[in-house]
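Hello,

Here is the structure I promised to hand over. Please open it first, then read my notes below.

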Amino acid sequence: MIRIALAQINPTVGNFNGNEKKIIDAAARAARRSADIVLFPELAVSGYPPEDLLFKKNFIRAAAQAVENIAQKTRSITAIVGFPHHEGGRLFNAAAVLNGGFITSVIHKTHLPNYGVFDEERYFSPAESVSPVETAGVKSGVTICEDIWVGDGLPAELCAAAEVELIVNLSSSPFHIGKEAERCKVACAWAKRFKKPLAYCNLVGGQDELVFDGGSFVCDGQGEIIAAAKQFSEDLLIVDLPVGSGGPKTGAPSRVMAPSLDYPENVFEALVLGVRDYVYKNGFEKTIVAISGGIDSALTLAVAVAALGGDRVRGVAMPSPYSSGASLSDARELAANYRIPLDVVPITDLMGGFDEALKELFTHNEQGTTEENIQARIRGTLMMALSNRFGHLVLTTGNKSELGVGYCTLYGDMAGGFAVIKDLPKMMVYELANWINKQSELPDIPRSIVEKEPSAELRPNQKDSDALPEYSSLDPILKLYVEDEKSIEEIISLGYSERDAVKVVKLVDRNEYKRRQAPPGVRITPRAFGKDRRM
C-alpha cells in the first residue's frame with residue numbers, strides 16, 4: 001500500500017521563485033499527511049506553456065536550479081516534478097524524480113503534440129528511451145501528458161512492463177468544452193489496458209488565452225476513477241493505492257471525489273479563472289468595462305466581478321443620440337446589482353466634433369458605416385484614456401459570433417487588453433446569462449437586458465439582424481466552418497440556407513485581418529480564433 005498525493009498547483013510562467021515555493025509548500029503538506037509520493041503537473045517548475053522563453057539559456061538554467069532547490073527541501077517525500085531539461089545539446093519536456101535531497105531520475109516526454117494550441121516540436125526533442133523508476137518502493141511508469149494519448153511507442157512499452165506497478169502522468173491539459181470527459185476516457189482506457197492504477201496530475205490556472213481546469217484524478221486497474229480533485233482551483237488530492245509492500249495507511253482520507261462541473265457552470269468558471277489570472281499575473285489591480293446595456297457587456301461584467309470582486313471593476317456607459325433610454329437605465333440597474341461604480345460619459349458632443357472636422361472632406365450628408373465606426377472609436381478612445389490615466393485593464397465585450405464575421409470595429413469596441421468572451425458564440429452568451437440568473441449566489445443580470453433584441457445602437461432602430469443572419473443560424477454555421485472545417489457545400493447539405501452559408505463564410509474569410517489585431521481572450525471551444533486557427 002502506498003499513499004500518493006496529486007498536487008494540482010497554479011504556477012506562473014517564468015516565476016521560478018514563486019513556483020518553487022508552491023511546489024515545496026505542497027510537498028510539505030503532502031508529507032504531513034503521510035504521503036509517500038507527490039506528483040506535480042507538466043512543466044510545473046517553469047509554468048506552461050513557456051513558449052519562446054525556452055530559447056533563453058538563462059531560463060533553462062533557472063529551471064534547473066529551481067529543481068535542485070526543490071530536491072533539497074523535499075527530503076521527506078518522493079516528488080515527481082515537471083521541468084524543461086537540457087541534456088546533450090537538446091531540450092526535453094521532462095519529469096524529475098526527487099528523493100532524499102537528490103534528483104534520482106529524469107524522464108523525458110516521448111510524444112510531442114504539435115496541433116491546435118500546442119507547439120512542442122518547436123522546442124523539445126522526444127525521448128529516445130524510457131524505463132521504470134523507483135518511487136517509494138514502487139516501480140512506476142512515469143509518462144507526460146500526450147504520452148498516454150498515443151496508443152503505441154515507448155510509453156506504451158513502459159507501462160506494459162511486468163515490473164511496473166503504478167502509472168503516473170504529469171499533464172498540462174487546457175480546458176475546452178468536453179475536454180474533461182475526453183481526458184478521463186483516455187486515461188481510464190490506458191489504466192484498463194495495462195491493468196494498473198494510473199494517477200493523472202493536471203495543471204490549473206490561466207495563461208493568456210489558455211485555462212487549465214485541473215480535475216486531477218486516479219483510476220484503478222479496471223479503468224474506474226476512484227478519486228478526483230476540484231476543477232478550476234488548486235487542490236491536493238490524497239489517495240491510498242494497493243501497490244508496493246507497505247501496510248495500510250491511517251490519518252488521511254482516500255477516494256475523495258470532487259464534483260465534476262457541467263455546462264454551462266464549467267464555462268463560467270473557466271472565464272472567471274482566465275480573467276483572474278490574466279489580470280493578476282500581468283500585474284493589474286483593477287479593470288474597466290464599457291457597459292452598453294446589452295447582453296455581452298453584462299456577461300463580461302458578471303465574469304469580471306466574480307473573478308476580481310466589485311471593488312476591482314469599474315463600469316462606463318457612453319450613450320449617444322442613438323442609445324435608447326432603456327439601455328442607460330439597464331446599465332445603471334446592472335451596475336447597482338453588481339455593486340460597482342458606473343461613470344456616464346455622453347459622446348454626442350464628441351460625435352459633433354468629428355462631423356465638424358470632416359465636413360470639408362465628407363461632402364455629402366449621408367450617414368453610414370463610417371459614422372457608426374466613429375462612434376465605436378470614440379468609445380474605444382475614451383476607454384483607453386481611462387485605462388492610461390488610472391492603470392485599469394480594459395476588458396472588451398465582443399463575442400465569437402461578432403469577431404468571426406467582423407461585426408466589430410478595429411480601435412473601437414475591439415480596443416482593450418483582454419477579450420473575456422471572445423470565444424463564446426452569441427447563443428452561448430444568452431445561455432450563460434440565463435444560468436447566472438438561476439444562481440442564488442450571483443447577482444442578477446436584468447431581465448430586460450436578456451430579453452432585448454441585439455443591437456449595436458449606432459443608428460436609429462438598428463438591429464444586428466439587419467446585417468447578419470439570425471444568431472440561431474449564424475452560430476451553427478460558424479461552428480461548422482471554423483471548428484469542424486466544413487465547406488460551404490457541406491454546410492448547405494446539412495440544411496442551412498445557401499444565402500446564409502455563403503454570407504457567413506465570406507465574412508469569416510474577409511475579416512481575418514481584424515482578428516489578427518484582437519486582444520487575447522479565454523479559450524472555451526475546441527477551436528478558438530488565435531493559436532487554434534492560423535490563416
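What is the order of the strands in the open sheet of 6 strands? The order is β6-β7-β8-β9-β12-β13. Its pairing is mixed. Please keep in mind that this is a predicted model.

The edges of this sheet are β6 (133-135) and β13 (225-228). Each has a single partner strand, so one side of each is left without a neighbour in the sheet. From one strand to the next, the twist averages 30°.

Inside that sheet, look at β7 (residues 138-144) and β8 (residues 166-171). These two strands run parallel and are joined by 5 bridges.

Next, the open sheet of 5 strands. Its order is β17-β16-β15-β18-β19, and the pairing is parallel. Here β17 (342-344) and β19 (418-419) stand at the edges. The partner of β19 to check is β18 (residues 393-396): the two pair in the parallel sense over 2 bridges. Thr396 has Ala419 of β19 as its bridge partner.

Now go to the start of the chain. Is strand β1 (residues 2-8) buried or exposed? Of its 7 residues, 7 are buried, so the strand is largely enclosed by the rest of the structure. Ile2, Ile4, Leu6 and Gln8 point one way. Arg3, Ala5 and Ala7 point the other way. Note that the buried set includes Arg3 and Gln8.

Strand β1 pairs with β14 and with β2. With β14 (residues 235-241) it runs antiparallel, and 7 bridges join the two. Ile2 has Leu241 as its bridge partner in β14. With β2 (residues 37-39), β1 pairs in the parallel sense over 3 bridges. Ile4 stands opposite Ile37 there. Between β1 and β2 the chain passes through helix α1 (residues 16-32), and this β-α-β crossover is right-handed.

Last, the second largest pocket. It holds about 320 Å³ of space. How many residues line it? There are 20, and Lys422, Phe529, Gly530, Lys531 and Arg533 lie nearest its centre. By type, the lining divides into 11 charged, 7 nonpolar and 2 polar residues.

Over to you.

Best wishes

Conventions
Residues are numbered from 1 along each chain as its sequence is written. This is a predicted model: local features need pLDDT of at least 70, side-chain atom pairs count only at pLDDT 80 or more; totals for chains, interfaces and linings use all residues. Side-chain values use heavy atoms; hydrogens and water are left out. Two strands pair if DSSP finds at least two bridges between them. Helices (H or I, at least four residues) and strands (E, at least two) are DSSP runs, numbered from the N terminus. Axes are lines fitted to C-alpha atoms, for helices over the stretch in contact, and angles run from 0 to 180 degrees between N-to-C directions. On a 1 Å grid over the protein atoms alone, a cavity is a set of points where a 1.4 Å probe fits but cannot get out, and a pocket is an open set with protein on both sides within 12 Å along at least five of seven lines; lining residues have an atom within 4 Å of a point. Grid points are joined across faces, edges and corners, and a volume is the space filled by probe spheres set on the points. Ala, Val, Leu, Ile, Met, Phe, Trp, Tyr, Cys and Pro count as nonpolar, Asp, Glu, Lys and Arg as charged, and the others, Gly among them, as polar. Buried means under 20% relative accessible area, exposed over 50%, partly exposed in between (1.4 Å probe, protein chains only). A crossover is right-handed if, with the strands pointing away from the viewer, the path from the first strand over the helix to the second runs clockwise.
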